[in-house]
Amino acid sequence: MGTVVLVHQGGEVYEVEFVTLDGETVAIVSLYSIQLRPIGRRDIARSRLIN
């Protein structure tokens, strides 16, 4: 799960930030709109360790 931090090219490309649960940025990635979807009411957030 990430947060959109910037929108480019009229909504075609998004900068998405991924953070740990304690707020450390893990990655900021450029993604096309077709690679994204909004969270849904029935989505469940989960956590995992990253190495």
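User: Let's start with R37: does it count as buried or exposed?
Analyst: Keep in mind that this is a predicted model. Exposed means over 50% relative accessible area. R37 comes out at 60% relative accessibility, so the call for this residue is exposed.

User: Which residue does R37 form a salt bridge with?
Analyst: As a rule, side chains of opposite charge can pair when their charged atoms come close. Here the closest N and O atoms of the pair are 3.0 Å apart, and the cut-off is 4 Å. The count for salt bridges comes to one. The partner of R37 is D43.

User: Zooming out, in what order do the elements of the protein chain run?
Analyst: There are zero helices in the protein chain, and three strands. The C-alpha trace spans about 35 × 25 × 15 Å along its principal axes. Reading from the N terminus on, the order is β-β-β.

User: What share of the residues in the protein chain is buried?
Analyst: To count as buried, a residue needs under 20% relative accessible area. The protein chain has 51 residues, and the buried share of them is 12%.

User: Which strand gives the largest share of the lining of the largest pocket?
Analyst: The largest pocket has a volume of about 650 Å³. Of its 16 lining residues, the closest to the centre are M1, V19, T20, R46 and S47. By type, the lining divides into nine nonpolar, four polar and three charged residues. The largest share of it, three residues, comes from residues 13-19, strand β2.

User: How about the second largest pocket: which elements give two or more residues to its lining?
Analyst: This pocket has a volume of about 390 Å³. It is lined by 15 residues, and M1, G2, R37, P38 and I39 are the closest to its centre. The elements that give two or more residues to the lining are β1 (3-8) and β2.

User: How many residues in the lining of the second largest pocket are nonpolar?
Analyst: The lining includes three polar residues and two charged ones. The nonpolar count is ten.

User: I28 sits in a nonpolar patch on the surface; what accessible area does the patch have together?
Analyst: I28 is found in strand β3, residues 25-32. Its relative accessible area is 53%, so I28 is exposed. The patch is formed by I28 with V5 and L6, and together they have about 270 Å².

User: Where does Q9 lie?
Analyst: Q9 has a phi near 50°, a positive value in a residue other than glycine. At 62% relative accessibility it's also over the 50% cut-off, so Q9 counts as exposed. As for its place in the chain, Q9 lies in the loop between β1 and β2.

Key. Residues numbered from 1 in each chain as written. Predicted model: local features only at pLDDT ≥ 70, side-chain atom pairs only at ≥ 80, totals over all residues. Heavy atoms only, no water. 1 Å grid on protein atoms, 1.4 Å probe; cavity = no way out; pocket = protein on both sides within 12 Å on 5 of 7 lines; lining within 4 Å. Points joined across faces, edges and corners; volume = space filled by probe spheres on them. Helix = DSSP H or I, 4+ residues; strand = E, 2+ residues; numbered from the N terminus. Nonpolar A, V, L, I, M, F, W, Y, C, P; charged D, E, K, R; others polar. Patch = residues over 30% accessible without salt bridge, like charges linked within 9 Å, V, L, I, M, F, W, Y side chains within 5 Å. Areas by Shrake-Rupley, 256 points an atom, 1.4 Å probe, with all protein chains shown as cover. Salt bridge = Lys/Arg side-chain N within 4 Å of Asp/Glu carboxyl O. Buried < 20%, exposed > 50% of the residue type's maximum accessible area, 1.4 Å probe, protein only.
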